[in-house]
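Here is a short briefing on one protein chain. The points below are grouped by topic.

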Amino acid sequence: MRCPYCGDLESKVVDSRRSDDGGSIRRRRECIACQRRFTTYETVESMPIIVVKRNGTRQNFDRNKLCKSMVHAFDKRQVEIEVLDRIAMEIEQSIQNSLEREVSTDKLGEMVLARLKPLDEVAYIRFASVYRQFQDVSGFIREINQYLEEK
């Protein structure tokens, strides 16, 4: 870290504290050359996740949009919103950990379905019907039969 006073590159950390929001670390440093102190903040760099839609357009990942789609699947079903928030955060974290900067809606949908399956079978089928774009009743029947075979 370059000293803001003398420009020297050598400094030592005197004190480290977590910031109030928990998203960064505040460090008090002392320059080895001039002995003056200065403060730096360390944060995790997160790259934006880009969602590639079926029509080829790209847009930024929106966790709220993902939660909203799951809320629709759980319409009139018993689930706490915190559970859906946790699922959305898990999916976002999983994508971040994969180091992929782009994710297709197909992959995103499969990740949601994998988490909804053990949670609620009706919500799973509802989400699958929108995600897999069922055109008629036979699509529902195929999905339900596949669900029952895997169960």
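This is a predicted model: local features need pLDDT of at least 70, side-chain atom pairs count only at pLDDT 80 or more; totals for chains, interfaces and linings use all residues.

**Fold and dimensions**
- The protein chain holds five helices and six strands.
- Read from the N terminus, the order of elements is β-β-β-β-β-α-α-β-α-α-α.
- The radius of gyration of the protein chain is 23 Å, whereas a compact globule of 151 residues would have one near 15 Å.
- The C-alpha trace spans about 75 × 35 × 25 Å along its principal axes.

**Burial, contacts and charge**
- Of the 151 residues in the protein chain, 29% are buried.
- Take the contacts between residues at least 6 apart in sequence: 39% of them join residues at least 24 apart.
- The protein chain carries 27 positive and 25 negative charges.

**Helix H4**
- H4 covers residues 121-131.
- Its buried residues are Ala123, Tyr124, Ile125, Phe127, Ala128, Ser129 and Tyr131.
- The cover over these buried residues of H4 includes H1, helix H3 (105-116) and helix H5 (137-150).
- Asp120 sits at the start of H4, where one of its side-chain oxygens comes to within 3.0 Å of the backbone nitrogen of Val122.
- Just after H4 comes Gln133, with a positive phi of about 55 degrees.

**Positive phi in loops**
- Most residues other than glycine have a negative phi.
- Gln35 has a positive phi, near 60 degrees. This residue is in the loop between strand E2 (24-31) and strand E3 (37-43).
- Lys76 also has a positive phi, near 65 degrees. Lys76 belongs to the loop between helix H1 (63-73) and helix H2 (81-98).
- Is Lys76 buried or exposed? Lys76 counts as exposed because its relative accessibility is 78%, and the cut-off for exposed is over 50%.

Notes: Residues are numbered from 1 along each chain as its sequence is written. Side-chain values use heavy atoms; hydrogens and water are left out. Helices (H or I, at least four residues) and strands (E, at least two) are DSSP runs, numbered from the N terminus. The radius of gyration is taken over C-alpha atoms; the globule rule is 2.2 Å times the number of residues to the power 0.38. Buried means under 20% relative accessible area, exposed over 50%, partly exposed in between (1.4 Å probe, protein chains only). Contact means heavy atoms within 4.5 Å. Lys and Arg count as positive and Asp and Glu as negative; His and the chain ends are not counted. The place of a charge is taken as NZ of Lys, CZ of Arg, CG of Asp or CD of Glu. A polar contact is a pair of N or O atoms within 3.5 Å; within protein, one must be able to donate a hydrogen and the other to accept it, and residues adjacent in sequence count only if both atoms are side-chain atoms.
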